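Open the model in your viewer and keep the selection panel at hand. This tour goes stop by stop: select, look, move on.

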Amino acid sequence: MEIPQGAKDEIMERARYCFGCGVCMGGCPVARVNEGFNPRLLVRELILENWEEVLTGDAIWLCSQCHLCTENCPQGVGLSELIVKLRNLATSLGITPPKSYTDKIKLMARTGRLALLTAPTARARRSLGLTEMEEAEVKEIRKLAKGTGFETFLADLEG
Amino acid sequence: MNSEELRIGVYVCHCGLNIAAVVDCAEVAEASKSLPGVVVSKDYRYMCSDPGQEMIKKDIAEHDLNRVVVAACSPRMHEPTFRKCVEAGGINPFLFEMANIREFDSWCHHGVPEEATEKAKDLVAMAVAKARYLSPLETLEVPVTPASLVIGGGVAGIHTALDLADMGYKVYLVERSSSIGGKMAALDKTFPTLDCSICILGPKMVEVAQHPNIELMTYSEVTKVEGYIGNFHVTVHTRPRYVDEEQCNGCGECASVCPIEVPNRYEEALGPRKAIYVEFPQAIPLRYTIDRDACIECFKCVDACQEQGRDAINFNMEPEEVEIDVGTITVATGFDLYDPRKVKQYGYGIYPNVVTAMEIERMVNAAGPTFGHVVRPSDRRQPETVAFVTCVGSRDEKAQIYCSGFCCMYTLKNAVLLKDHFPEMDIYIVFLDMRTNFKGYEEFYRRARGMGIKFIRGHPDEIFGDPETGNLILSLEDLSSGRPIDLEVELVVLSQAAVPSEGTKELSQILTVSTDTSGFFLESHPKLKPMDAATDGIYFAGSAQGPKDIPYSVAQASAAASRSARVMSHDEWEIDPIIAYVDPEKCVKCGVCTTKCPYGAITIEEGEPAVVTPAKCHGCGTCVADCPSHAITQQHFTDAQIMAQIDAGLRESPESKILGFLCNWCSYAGADLAGISRHQFPTNLRPIRVMCSGRVKREFVYEAFLKGAGMVMVSGCHFADCHYITGNYNAEKRIKPLFNILERAGINPKRLRLEWFSAAEGEYYARITREMVALIEELGEDQIRAENEKAKPFLEKLMRRGG
């Protein structure tokens with residue numbers, strides 16, 4: 001796999017300062033429910049230059065982007081932003097995210113939401129006295145996708 | 001007891017209400033009137049106040065007093081005050097004794113005024129009993145030679161020498177090798193600033209050579225030291241250079257014609273030098289030396305020198321012995337680097353591409369043997385991948401158990417230099433803990449990470465060499481991921497431990513100072529006297545006392561200079577008279593005392609009785625307690641004085657009493673703290689202050705039980721905290737067997753306590769006192785009396801036998 005040096009440098013610029021304290025892992029809500037996810041080891045792999053493993057693995061797609069690690073990191077690694085960069089790099093290299101992730105993307109493109117508004121959810125809302133959910137502006141989302149180049153990616157996914 | 005008529009004055013202080021609120025001071029003063037020898041006894045609100053002191057002075061004159069006892073606060077507080085007072089009143093300051101009825105009584109016995117008052121009477125009786133046996137003592141004064149010896153010419157020795165010389169003192173700087181400069185002269189850069197090592201050290205070296213107050217003695221070693229603080233007589237042995245220092249001007253024509261090349265020690269043997277050489281171009285003094293082991297005596301150098309119009313080379317030069325007199329000595333002999341050959345797992349000496357940190361240091365230096373190129377010894381090629389391994393010989397019970405302290409930083413420095421010179425180089429640092437705890441150090445570590453140096457936490461269990469490629473494979477666990485990995489690199493650099501420099505043991509014997517368990521010189525106190533040897537007038541600077549980096553060494557060097565100047569700034573130095581002396585009539589010349597003295601203050605010549613050098617004695621009293629023939633006396637803490645205190649402390653209902661021996665520095669101070677902190681506990685303990693637990697003789701314990709004591713406590717500092725280095729170890733050795741002996745005699749061994757507590761452990765002292773009182777109550781006075789009665793013949797026999 002040919003990874004552009006510029007992309008590597010940009011990602012490593014802050015990642016290099018990691019000294020492995022594990023604050024990111026300690027506070028990570030995803031790690032609590034998914035044993036396979038360890039943000040500290042993700043940075044570790046980058047420092048040891050195991051790029052292919054990181055980019056083709058599931059870990060970068062599991063992050064929920066809660067930014068807790070970024071807030072708490074004593075060395076300013078900025079893990080949340082770093083993961084976004086890794087996702088973009090992976091995508092640009094033609095790596096497809098795991099199906100669970102692409103299903104979400106497709107759902108969003110189709111409905112404008114990451115979770116379906118099901119009948120039980122609607123009932124629950126009514127019982128709590130909440131308003132009816134409105135349909136999302138799918139058109140707007142499509143427009144955004146077009147403007148950002150996300151459309152091409154979607155087209156590939158939808159094959 | 002002295003033959004003169006005893007005329008003792010007793011003064012009981014109220015300390016406002018600090019004492020008087022609990023203790024009936026008037027009653028104590030009244031009761032003291034009946035003690036033998038007491039001619040006047042008074043109580044007063046503040047004895048330490050001017051009127052209080054005036055009262056004592058007036059009474060000394062009016063009642064012709066020859067002893068004074070003040071019952072007030074702790075002697076650790078006001079003993080010096082009252083000593084001065086009685087001296088002003090016309091009697092010797094050592095004819096004064098204090099009873100501690102504040103910290104030891106009123107402050108820790110609230111709510112039991114009657115018992116506290118009874119205790120105060122006993123404490124005064126004990127002080128009066130001791131006072132009856134006091135002798136006048138004179139403070140000794142020894143002259144001070146205003147010159148100093150500095151041993152070792154590395155960065156520490158250089159700074160001590162320059163500081164002292166700048167203060168105007170004559171300094172002899174003795175260096176073993178042919179040039180000063182030490183390890184620092186061989187370093188490329190210094191962390192964390194990366195300034196050039198020789199560029200900052202060189203000017204200091206030149207300053208040493210040019211300073212009118214410094215006499216530089218290179219190629220020389222100290223072979224003999226006699227005397228004591230202010231008056232050391234030192235013999236320095238100078239090896240022949242075979243080049244006259246006066247005539248040689250360092251031109252180097254001799255070396256250029258010399259046909260012999262041998263490995264250069266200064267270059268870690270990576271480059272050659274001639275048989276006639278200077279260690280390095282900036283050497284001070286810049287004078288050549290002939291290595292006679294390598295020289296073939298072709299005498300080309302002689303011709304070359306004569307062609308320059310000089311005649312410096314002298315093959316007939318002889319070793320010289322010079323004797324000098326100095327007032328103080330600073331030991332700055334530095335450290336050596338651990339030889340990694342001693343641990344096979346690192347492959348040093350087996351695989352050529354495993355090198356040491358010092359070898360890299362020389363390689364990366366532009367003036368070094370490879371002119372700044374870092375190459376693999378096997379193929380002289382620049383490696384693409386390098387792994388640094390830390391803790392080589394450090395933190396390893398098979399090598400050195402301690403952390404060498406500066407290796408993390410020099411490893412970072414070398415890695416940063418390599419990365420800076422060769423950005424493409426792939427650099428790993430394999431480390432266990434990264435210790436970067438001084439100004440600018442953590443920032444330097446961060447800088448190293450930012451440069452892309454890769455850090456792997458772990459340690460190779462073994463380094464294998466690949467014979468085909470010359471590469472090395474480090475088998476280790478990446479502790480961050482928990483995975484075993486085989487790290488293949490082209491060059492491995494080992495960060496060696498710092499070990500005591502060669503000859504440390506011999507020098508410690510010459511100086512009669514101690515070394516620690518790691519072999520470095522041992523400081524007198526780890527916190528408050530970190531530069532002082534236990535022997536007065538001898539100080540440490542730099543790594544001789546334990547591994548140190550450059551700023552720390554320089555700081556300690558200046559501190560050692562100030563310690564030295566503190567002595568040399570006086571014409572005479574006062575020595576405390578509370579010291580030991582040997583009665584030559586009684587001495588059987590067994591030599592036990594010489595082995596017990598931690599200061600080498602006692603010497604014994606063949607067939608002669610032992611002799612104490614007063615200026616070397618610190619007055620712990622350990623030799624006194626261990627002398628099998630009772631030939632040694634500790635002034636101001638004599639056997640007779642202590643026995644009198646024991647008897648007085650147990651004069652009434654002894655079965656309920658605890659007789660406690662407390663060392664002056666830790667346990668007495670800890671007991672003081674119990675009072676200061678107002679911990680409350682029963683009044684049963686009768687304390688006796690000794691300078692060190694090592695002073696406590698077995699006979700003191702026997703005497704206490706013979707006099708009916710309920711319990712005996714012997715207490716001192718925690719191990720390694722002893723004010724006299726090893727006094728408490730000797731106390732333990734002597735007192736521990738007593739548990740068995742007492743049991744054989746019929747005494748419940750629980751009635752003896754051996755306790756170690758610090759000046760900070762007042763609460764502990766209160767607790768053990770309560771425990772001891774509880775035991776006395778549990779056993780009952782009848783049982784104690786019966787045990788003591790039963791043990792009496794046996795103990796008396798032991799007393800007659802002398803312990």
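Which elements of chain B do the buried residues of α2(B) pack against? Keep in mind that this is a predicted model. Select residues 50-62 of chain B, which form helix α2. Then show β1 (8-13), β2 (38-44), β3 (67-72) and α3 (75-88) of chain B; these are what the buried residues of α2(B) pack against.

**Stop 1: α2 of chain B**

Stay on this helix. Its 13 residues reach 18 Å from first C-alpha to last, close to the 18 Å expected at 1.5 Å a residue. Colour B:G52, B:Q53, B:M55, B:I56, B:D59 and B:I60, the buried residues of α2(B). Look down the axis of α2(B): the buried residues fall within an arc of 150 degrees, so they line one face of the helix. Now turn to the other side of α2(B), where B:D50, B:K58, B:A61 and B:E62 are exposed. Step just past the end of α2(B) to B:D64, which has a positive phi of about 55 degrees.

**Stop 2: α7 of chain B**

Select residues 197-210 of chain B, helix α7. The end C-alpha atoms of this helix are 21 Å apart, which agrees with the 20 Å that 14 residues should span at 1.5 Å a residue. Colour B:S197, B:I198, B:L201, B:G202, B:M205 and B:V208, which are buried in α7(B). Down the axis of α7(B), the buried residues sit within an arc of 120 degrees, so they line one face of the helix. To see what covers them, show elements including α6 (155-166), β7 (170-174), β8 (189-190), β9 (195-196) and β10 (214-217) of chain B.

**Stop 3: two cis peptide bonds**

Most residues other than glycine have a negative phi, and most peptide bonds are trans. Go to B:P192, in the loop between β8 and β9 of chain B. The bond from B:F191 to B:P192 is cis, with omega near -5 degrees. Next, select B:P285, in the loop between β15 (276-277) and β16 (289-290) of chain B. B:I284 and B:P285 are joined by a cis peptide bond with omega about 0 degrees.

**Stop 4: positive phi in loops**

Select B:F371, in the loop between α10 (357-364) and β21 (385-392) of chain B. B:F371 is not a glycine, yet its phi is positive, near 55 degrees. Is B:F371 buried or exposed? B:F371 has a relative accessible area of 64%, so it is exposed. Move on to B:I725, in the loop between β37 (711-716) and α20 (727-735) of chain B. B:I725 is not a glycine either, and its phi is positive at about 65 degrees. B:I725 counts as buried, at 15% relative accessibility.

**Stop 5: helix pairs in chain B**

Two packed helices are described by the angle between their axes and the distance between the axes. Select α11 (residues 407-421) and α12 (residues 441-450) of chain B. They pack at about 40 degrees, with axes 10 Å apart. That angle makes α11(B) oblique to α12(B). α11(B) passes α12(B) in a left-handed crossing. Show the side chains in contact: B:M409, B:L412, B:K413 and B:V416 of α11(B), and B:Y441, B:F444, B:Y445, B:R447 and B:A448 of α12(B).

Now select α19 (residues 698-706) and α23 (residues 781-801) of chain B. Here the angle is about 145 degrees and the axes are 9 Å apart. The crossing of α19(B) and α23(B) is left-handed. The contact involves B:E699, B:Y702, B:E703, B:F705 and B:L706 of α19(B), and B:N788, B:K792, B:L795, B:E796, B:L798 and B:M799 of α23(B).

**Stop 6: B:Q556**

Find B:Q556 in helix α14 (residues 550-568) of chain B. B:Q556 is buried, with a relative accessible area of 5%. Leaving aside neighbours within four places in sequence, its contacts are B:P530, B:M531, B:F540, B:A541, B:G542, B:Q545 and B:K548.

**Stop 7: chain A**

Switch to chain A, with 12 helices and zero strands. Its C-alpha atoms fill a box of roughly 50 × 35 × 25 Å along the principal axes. Of its 159 residues, 34% count as buried.

Finish on α9 (residues 99-111) and α12 (residues 150-158) of chain A, packed at about 115 degrees with axes 11 Å apart. α9(A) and α12(A) are therefore roughly perpendicular to each other. Their crossing is left-handed. Show A:T102, A:I105, A:K106 and A:A109 in α9(A), which meet A:F150, A:F153, A:L154, A:L157 and A:E158 in α12(A).

Conventions: Residues are numbered from 1 along each chain as its sequence is written. Chains are lettered from A and ligands numbered from 1 in the order in which they are written. This is a predicted model: local features need pLDDT of at least 70, side-chain atom pairs count only at pLDDT 80 or more; totals for chains, interfaces and linings use all residues. Side-chain values use heavy atoms; hydrogens and water are left out. Helices (H or I, at least four residues) and strands (E, at least two) are DSSP runs, numbered from the N terminus. The expected span of a helix is 1.5 Å times one less than its number of residues. Buried means under 20% relative accessible area, exposed over 50%, partly exposed in between (1.4 Å probe, protein chains only). The arc is that of the directions from the helix axis to the C-beta atoms. Contact means heavy atoms within 4.5 Å. Axes are lines fitted to C-alpha atoms, for helices over the stretch in contact, and angles run from 0 to 180 degrees between N-to-C directions. Angles under 35 degrees count as roughly parallel, over 145 as roughly antiparallel, 65 to 115 as roughly perpendicular and the rest as oblique. A crossing is left-handed if the near helix is turned anticlockwise from the far one by less than a right angle, and right-handed if clockwise.
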